[in-house]
Amino acid sequence: MTKPKILVTRKIPQTFIDQLETIGEVKMWDETYEAMPRDQFLEEVKDAAACFITLSEQIDEEVYETATQLKIVANMAVGYDNIDVEGAQTHDIVITNTPDVLTETTAELGVTLMLTVARRIVESEHYVQDGKWQSWGPYLFAGKDLHHSRVGIFGMGDIGRGVARRLQGFNTSIMYHNRSRHLESEQTYGTLYVTFETLLKESDFIICTAPLTNETRHKFNREAFSMMKSDAIFINIGRGAVVDEEALIEAIDQQQIAGCGLDVLQEEPIAMDHPLLKYPNVVITPHIGSASVETRNRMIQLCVDNIEAVLSDNEPLTPVK
Ligand code: GLV
């Protein structure tokens, strides 16, 4: 009997491929940092039973119609806005993601960005590198304190709670807005559930950890930025399209807010002529929320385990429902 084909859309370490090869015939795209072109992906997925993908791949009706033998798509990400989940159900295809394993690492990047923007780390570093450091000055790169500030968390899921957990050490007061209240976070971290409007108006830092859904798309729009404090710092580690980027550019340009840190953007990778690249108070990282070696290994392992389970007619470990 021929082994089922497993398509892997990025180059991943051999140790994971060895595991996949015990159950199938692996076809791996040979690039680590470059996505598989769509036409090649469509060609290769035709006869695949399982597919290991990243958030660069769009999984839609065109894929489902082409891939008639597909049983599982394992997404190496917790967010799955790149996948038509309803369509998958219609075609009886299991979708899995990688929750939990990346929570702490991603929350750490959130707090890193808060401090990086608040303490003007990137600007300061460039200043030193450019040989501009001549003497100490009372307000040289004076920034903003995170400690004892009011932080607003938009999205109180696992990652939002990971951020709240870390903020305990900074003596911040934490407000949050979410689809529903999270009583445990209120009891454990003293978070306060507030309306979106209050979150915008009263926070010194706002951090977005929310996934992209119909409800969250462009939630941070012109009106939202106009309600924020002029010294507020905005951080996005959720999904780029939760922010209306035009509105954010305007808010930065007109100094409606003090700065922002973005790990996610509407279009990734960013175009080098993107207006946000020209502001010293805007820090952009290339979607590295979960990027520690250990966490990335655990994410890949979870995808492999999900594929193994489904191809062996067992229940997936982390299905998207
Ligand atoms: C990354 O953004 C993820 O969803 O895992």
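This is a predicted model: local features need pLDDT of at least 70, side-chain atom pairs count only at pLDDT 80 or more; totals for chains, interfaces and linings use all residues.
The shell around the ligand consists of Leu55, Ala77, Val78, Gly79, Leu102, Arg239 and His287. By residue class, this shell comprises 4 nonpolar, 2 polar and 1 charged. For Val78, a backbone N or O atom lies 2.7 Å from a ligand oxygen. For Gly79, the corresponding distance, from a polar backbone atom to an oxygen atom of the ligand, is 2.8 Å. His287 contributes through its side chain, where an N or O atom is 2.5 Å from an oxygen atom of the ligand. The ligand taken alone exposes 190 Å², of which the protein buries 87%.

The UniProt record, an unreviewed entry, assigns residues 111–289 to "domain: D-isomer specific 2-hydroxyacid dehydrogenase NAD-binding". Within this span, 31% is helix and 15% is strand.

The volume of the largest cavity is about 40 Å³. Its lining is formed by Asn236, Gly240, Val243, Glu245, Leu248, Leu262, Val264, Leu265 and Gln266. The residues lining the largest cavity divide into 5 nonpolar, 3 polar and 1 charged.

Note on methods:
Residues are numbered from 1 along each chain as its sequence is written. Side-chain values use heavy atoms; hydrogens and water are left out. UniProt positions are given in the numbering used here, feature names are shortened, and annotations may be inferred rather than shown by experiment. Helices (H or I, at least four residues) and strands (E, at least two) are DSSP runs, numbered from the N terminus. A residue is near a molecule or strand if one of its heavy atoms lies within 4 Å of it. A polar contact is a pair of N or O atoms within 3.5 Å; within protein, one must be able to donate a hydrogen and the other to accept it, and residues adjacent in sequence count only if both atoms are side-chain atoms. Accessible areas come from the Shrake-Rupley method with a 1.4 Å probe; for residues, only the protein chains shown count as cover. Ala, Val, Leu, Ile, Met, Phe, Trp, Tyr, Cys and Pro count as nonpolar, Asp, Glu, Lys and Arg as charged, and the others, Gly among them, as polar. On a 1 Å grid over the protein atoms alone, a cavity is a set of points where a 1.4 Å probe fits but cannot get out, and a pocket is an open set with protein on both sides within 12 Å along at least five of seven lines; lining residues have an atom within 4 Å of a point. Grid points are joined across faces, edges and corners, and a volume is the space filled by probe spheres set on the points.
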